[in-house]
Amino acid sequence: MIKAIVTDIEGTTSSIDFVHQTLFPFARTRMRAFLRENAGDDRVQALLADVEEVEKGDLSLDEAADVLERWIAEDRKLTPLKALQGMIWKTGYEAGELKGHVYADTPEALRGWHAAGKALYVYSSGSVEAQKLIFGHTDYGDLTPLFSGYFDTRIGGKREAASYRRILDEIALPGAQVLFLSDVGEELDAARAAGMQTCQLVRDDKTVPAPAHPQVKSLAEVSA
C-alpha cells in the first residue's frame with residue numbers, strides 16, 4: 001500500500017516550458033542587478049563563496065554573474081545557482097510578475113491523495129524555496145499546505161540511488177510504500193534502485209519513454 005508520494009516538478013506537475021521559457025529567463029536577466037543590490041546580504045555572500053568553490057578561484061561580482069548566467073544557459077543543477085534563482089523568483093512572485101504553473105490535473109490529484117491520507121513530498125533540482133513558490137502561487141490557489149516536505153539537490157543528485165535512500169530515511173517509510181513520480185527515466189531508475197515504487201509521466205512527445213516503469217499521461221491516471 002502506498003503511504004507517501006514523492007513528485008518531481010518539471011514535466012510532472014508543471015510544464016518544462018514554464019521553467020525554461022519563463023523562470024530561467026526571468027532569473028538570468030535579473031541576476032547581475034540582484035547580486036549588486038544584495039551584495040551585503042550574508043546569504044548571498046555565502047552562495048557566491050559556493051560559486052567560487054565550484055569554479056576553484058576568486059571571482060569579482062561581475063565574474064560571478066557571468067558564471068551564474070552561463071550556468072542558467074547550461075541548465076546546471078548546482079545548489080548555489082538554484083538558491084539564487086529562488087531568491088530572484090521570490091521577488092517576481094511577490095510583485096505579481098510571476099505565476100506558478102501547474103497542469104490542470106495537478107491540484108485535483110494532489111488534493112485527492114492528501115484527502116486519502118497519503119503524505120506528499122516534492123523532490124526537484126530547483127531549490128526548496130523555488131518549489132514552494134511554484135506551488136504557493138498557482139492559478140488554483142496555494143497548494144503548499146498539501147505537502148509534508150520538500151527535497152532539493154542538498155539531499156543529493158536526482159539520478160543517484162543514494163539520494164532516494166536518504167529521502168526514505170527522512171520520511172521514515174520503506175521504499176515499497178513510497179511512489180516516485182517523474183518524467184525522467186534515469187531518475188525513476190535511481191528511485192527504483194533505492195526500493196521505491198515508480199511511475200513515469202509522459203505528458204508529450206518531448207519525453208523520452210522509460211518502458212521499464214509504469215507510464216501515464218496525467219496525474220489523474222496514477223494508481224496510488
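Which residue lies over the face of Phe26? Arg30 does, at 3.6 Å from the ring centre. A charge is counted as sitting over a ring if NZ of Lys or CZ of Arg is within 6 Å of the ring centre and within 35 degrees of the ring normal. Lys158 is likewise placed over the face of Tyr123, at 5.4 Å from the ring centre.

The model is predicted, so local features need pLDDT of at least 70 and side-chain atom pairs count only at pLDDT 80 or more, while totals for chains, interfaces and linings use all residues. Residues are numbered from 1 along each chain as its sequence is written, and side-chain values use heavy atoms, with hydrogens and water left out.

Attention now turns to the rings themselves. Across the whole structure, a search finds five aromatic pairs. Rings of Phe, Tyr and Trp (its six-membered ring) pair if their centres lie within 6.5 Å; planes under 30 degrees apart count as stacked, over 60 as edge-to-face and the rest as tilted. Tyr123 and Tyr164 have ring centres 5.3 Å apart and planes at 75 degrees, so this pair is edge-to-face. Because Tyr123 lies in strand E2 (residues 119-123) and Tyr164 in helix H7 (residues 161-171), the pair ties together parts that are 41 residues apart in sequence. Helices (H or I, at least four residues) and strands (E, at least two) are DSSP runs, numbered from the N terminus.

Both Tyr123 and Tyr164 are buried, a term that means under 20% relative accessible area, with exposed over 50% and partly exposed in between (1.4 Å probe, protein chains only). Ring pairs link Tyr123, Tyr164 and Phe180 into a cluster.
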